[in-house]
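Visitor: I am new to this structure. Could you walk me through how to read a few of its features?

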Amino acid sequence: MKKTIIIAAVAALASNTMTARNYLDIPYPQAPSDNTADTYFGIRVDDPYRPLENDTAAATAQWVEAENALTKAYLCQIPFRADMRARLARLNNYHKSGLPFRENDGMTYFYENDGLRNQAVLYRVKSLGDTPEVFIDPNTLSADGTVALTGVYFSPSGKYTAYTISRNGSDWTEIYVMDTATKTLLSDHIEWAKFTGASWLGDEGFYYSAYARPEAGKEFSNANEYHKVYFHRIGSGQDADTVAYENAAQPLYFHQAGVSDDGTALFVEASGQGFGNSVMVKDLRTPGADWQVIEPSMDYELSIIDVIDGTIYMRSSIDAPLYRIVAIPLKSAANRKTWRVVVPESKDVLVSAQVAGDRLLLTYDHDASNRVYVHNLRGRRTGEITLPTYGTVGISSSRKYPDVFYSFTSFAYPSAIYRYDLASGQSTPYRSADIDNFNSADYVTEQVFYPSADGTKIPMFITYKKGIERNGKNPVYLYGYGGFGVTLNPGFNANRVLWLENGGIYAQANLRGGNEYGDPWHQAGTKMNKLNVFNDFIAAAEYLIAEGFTTPGLMTIEGGSNGGLLVGACVNMRPDLFKVAIPRVGVMDMMRYHLFTIGWNWAPDYGTSADSPEMAAYLRAYSPAHNIHNDGTPYPAILVTTADHDDRVVPAHSFKYAAALQAADTGTAPKLIRIDSNAGHGAGKPISKVIDEYTDIYSFIFYNLGITPNLSK
């Protein structure tokens, strides 16, 4: 297979911006650079690609254009790329159904995508089995599917519906309002909201959260500060909205407001500077009531389940690292002596809780796989929803309606929907998926527990086609995240089928830093424990090699966001272990991450370079952009991905990392960057763009592994 290419088109495009050193005959563009250096507690850190932080500068735009042309030319010469896209399109072209949910107008709503629509359509029916009526079709909101419907919020009577959209994958949110019955759009329109829904106070208006209008040209990079809660009254303009809550002393807090379903309580939660969230409540039954502080700190994670007959039901990690359910009288919520434990802490992590009729449905993680139990409101367990294998569950339920629907998915199981009868405890199939030439029974998932560097046992799921031998000749795709209390549960990805049907093994490691075993597991991967996460991932690769699944020459690693940091750090630490690396939208500059958009929110997990000499030195020692070898050490083939509208992890992270990679002497494997346009961090991305991205990723992987995939199915 030809691995040396000379890209004349790119050379012509950027002939005056080539580096002197062109590995693999790839003419890497010369990135804008200067002599910038920072000093942290006496530690000098060079930052030569600081100009790339200015994503609106002409020099940056020219570099982005040249990099994309280079990457496109490289990928286009891969002989099976067109067939790759065709196969991925067939795999994604199946009927996808969302969980039905009953709303306040008495109608049942559900999302569906009949195949390759860029965005799922929201439908409604009066009764199950009726012909569905389109309620909101986000595909009509843009020509290319880059406007995503991110939430719908019905007023208590069902008269009004507020819905939120995101454009081009940005975290910035717009809110629209329409008459629910007629679907007539009202004049109400909110701009520059962020990290918010719409919580109704009767039919008169709703609460939402927003920042001040950003500086023109810096909408996707400047730091976001002073998140406020506003109240919008129906029929008024946004300039008439009133501030319902703010904390001027804490510019780095997020604030969200929520009204209980019965309209008796207003909650305000704050987060952003700790592992959890603070909560306070106002009793709306008493005019002029004061705020009651349920928890002042952000040391614990609290989530309100519901308010029933004057009692707040809450999932809480206070005195329970694996979480429990407590009942709190609304009239004395601040007095912990009045709190009552409804469901005590278990040996498994309580992931979520919701009300269904007069029952509680509790979802737990057992070794990173969901289990669901039914309890009455006094806390006694009355049943269990039996699941077929390792998997992840979603539940749709309400206190107002008896319908309970749940979805189940696993690595080889596309999401299927079931109807659950609370009285009998029986589940019946409701919707399932049929994917082109794919049979779940052809694949197997096993869970293993392997030792990390310090001896800690780490769980990992391994999925592969039945009959694969442990002969060291199998390509492995190892995925990880390891941060922010995020648990990696089993889940289906149609694009991954292409890997599995070609004899590939998919491995998903449940690293420390997640919530697989509650807050202790999370904190074991934070701040000056972050090295544990990288060691856990490296140990996963070593285990797969030692157990005969694969060899370093057939190992691909991938991760996104915090997982992109994971991939970048592990490549620097052990470049010999991997053949291909895909760091996606990664946090690559650990010295300055907290200075952009909401980067400051990650400080509880990472610490910052301003915290202390020790913290600055620790971050400097693993920051991906600052620890790239430059001595000829062979690196794996690397495809960095980012997007121009990513205002979560700004593209400057990937820009600076890719520029440093391309300038360094790291062997002959390609180091490329794919910069998507009109896209963000990943949420709401249209299917066409998803297929395009996976086409490029899998083409790059197979080509650099030296494998020609079978794409004839």
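Visitor: Where is the place of Ser561?

Guide: First, a caution: this is a predicted model. Ser561 sits in the loop between β36 (555-560) and α7 (562-573).

Visitor: What is phi of Ser561 near?

Guide: Phi of Ser561 is near 65°. That is a positive value in a residue other than glycine.

Visitor: Is Ser561 buried or exposed?

Guide: Buried means under 20% relative accessible area. Ser561 counts as buried because its relative accessibility is 14%.

Visitor: Which loop holds Val585?

Guide: Look between β37 (580-584) and α8 (603-606). Val585 is not a glycine, yet it has a positive phi of about 40°. Its relative accessibility is 9%, so Val585 counts as buried.

Visitor: Now helices. How are two packed helices described?

Guide: By the angle between their axes and the distance between the axes. Here, take helix α2 (residues 58-76) and helix α10 (residues 652-663). Their axes come within 12 Å and cross at roughly 65°. The crossing of α2 and α10 is left-handed.

Visitor: Which residues in α2 and α10 meet?

Guide: From α2 come Thr60, Trp63, Val64 and Glu67. From α10 come Phe655, Ala659 and Gln662. Sorted by kind, the residues of this contact are four nonpolar, two polar and one charged.

Visitor: What is Trp63 in contact with, leaving aside its neighbours within four places in sequence?

Guide: Its partners include Phe655 and Ala659, both on the α10 side of the helix contact. Trp63 also touches Pro29, Gln30, Ala31, Pro32, Leu52, Ile673 and Ile675.

Visitor: How many residues has the largest nonpolar core?

Guide: It has 74 residues. Trp63 is among those with the most contacts inside it, along with Tyr450, Met460, Ile462, Leu478, Leu544 and Ile557. Helix α6 (residues 530-546) gives the largest share of this core, nine residues.

Visitor: Is Cys570 buried or exposed?

Guide: Cys570 is buried, with a relative accessible area of 0%. Cys76 is partly exposed, at 43%.

Methods: Residues numbered from 1 in each chain as written. Predicted model: local features only at pLDDT ≥ 70, side-chain atom pairs only at ≥ 80, totals over all residues. Heavy atoms only, no water. Axes fitted to C-alpha atoms, helices over the stretch in contact; angles between N-to-C directions. Helix = DSSP H or I, 4+ residues; strand = E, 2+ residues; numbered from the N terminus. Left-handed = near helix turned anticlockwise from the far one by under 90°. Contact = heavy atoms within 4.5 Å. Nonpolar A, V, L, I, M, F, W, Y, C, P; charged D, E, K, R; others polar. Buried < 20%, exposed > 50% of the residue type's maximum accessible area, 1.4 Å probe, protein only. Core = buried A, V, L, I, M, F, W, Y, C linked by side-chain atoms within 4.5 Å.
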